[in-house]
Amino acid sequence: MSEPHAADEETSEIEQSLFEAPPMGEQERMVEAVLFASAEPVTVAELNARMPHGCDAAEALVHVRKRYEGRGVTLMKTGNAYAMRTAGDLSFLMQKETVETRKLSRAAIETLAIIAYHQPVTRAEIEEIRGVSVSRGTVDQLLEMEWIRFGRRKMTPGRPVTFVVTPDFLDQFGLESARDLPGLKELRSAGLLENRPPPDLSAALDGDEEDSDENQSELFEE
């Protein structure tokens, strides 16, 4: 029974002598290449299967880890697999901020414009100016975008809540205050006002800015 075992050992020694393993420096390069090319972590067994006969992927990984100590990328072990990853202290560089463009409906644009030029304004006043009802979804969208917020309650029957634009709205359009909103002439010259706006909105655009909060303070709840 010992003869087959001895034959196997002899065959193994012959194979090892026929296929000499590459130098460790070359094995390290191979491991490095596989890790950078792989989208998923790679196990030691997978590395050994890819590399020439006689290579020691485990030892090569030790050298790779040492080589990348303190560098921008490092060798990380995930479960029983390995991968090259960004150094932990530099992960903030990989963050990407994206701006999601959300198109406003015509109803939302008209509602926003009325609030901007007539603030503080109630829902009923918005509907009177537009000539149509304002859906809850339209107001909710503008509130979610944080371009409008709830203002003071008007001291009229039912004490309806009012709406005003927010600092985020002003910042979005590069305005210091709502008083810096463009007037009717500016909107027309810029080609942004094709149709004639409702009469109430025209008055606001033409510079009816003298009606400040001070003049209307008695109409609102503090």
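**Arg149 and its surroundings**

Author: Not counting residues up to four places away in sequence, Arg149 touches Leu143, Thr162, Phe163, Val164 and Thr166, where contact means heavy atoms within 4.5 Å. This is a predicted model, in which local features need pLDDT of at least 70, side-chain atom pairs count only at pLDDT 80 or more, and totals for chains, interfaces and linings use all residues. Residues are numbered from 1 along each chain as its sequence is written, and side-chain values use heavy atoms, with hydrogens and water left out.

Reader: Is Arg149 buried, partly exposed or exposed?
Author: Arg149 is found in strand 5; helices (H or I, at least four residues) and strands (E, at least two) are DSSP runs, numbered from the N terminus. Buried means under 20% relative accessible area, exposed over 50%, and partly exposed in between (1.4 Å probe, protein chains only). Because its relative accessibility is 44%, Arg149 counts as partly exposed.

Reader: What distance separates the C-alpha atoms of Arg149 and Thr162?
Author: Thr162 is among the residues that Arg149 touches. The two are 13 residues apart along the chain, and their C-alpha atoms are separated by 8.5 Å.

Reader: What is the bridge partner of Thr122 in strand 6?
Author: Strand 4 and strand 6 pair in the antiparallel sense over 2 bridges. In strand 6, Thr122 has as its bridge partner Thr162.

Reader: How wide an arc do the buried residues of helix 7 cover around the axis?
Author: In helix 7 (residues 136–144), the buried residues are Thr138, Val139, Gln141 and Leu142. They lie on the same side of helix 7 because their arc, taken from the directions from the helix axis to the C-beta atoms, is only 155°.

Reader: Which residues are exposed on the other side of helix 7?
Author: The buried residues have cover that includes helix 5 (106–118), helix 6 (123–130), strand 5 (148–153) and strand 6 (161–165). On the other side, the exposed residues are Arg136 and Glu144.

Reader: How do helix 2 and helix 4 pack, and at what angle?
Author: The axes of helix 2 (residues 24–37) and helix 4 (residues 57–67) are 8 Å apart, at an angle of about 80°. Angles under 35 degrees count as roughly parallel, over 145 as roughly antiparallel, 65 to 115 as roughly perpendicular and the rest as oblique. That is why helix 2 is, relative to helix 4, roughly perpendicular.

Reader: What is the relative accessible area of Thr43?
Author: Thr43 is found in strand 1 (residues 42–43). Leaving aside neighbours within four places in sequence, Thr43 is in contact with Asn80 and Ala81. Thr43 is buried, and its relative accessible area is 17%.

Notes. Axes fitted to C-alpha atoms, helices over the stretch in contact; angles between N-to-C directions. Pairing = 2+ DSSP bridges.
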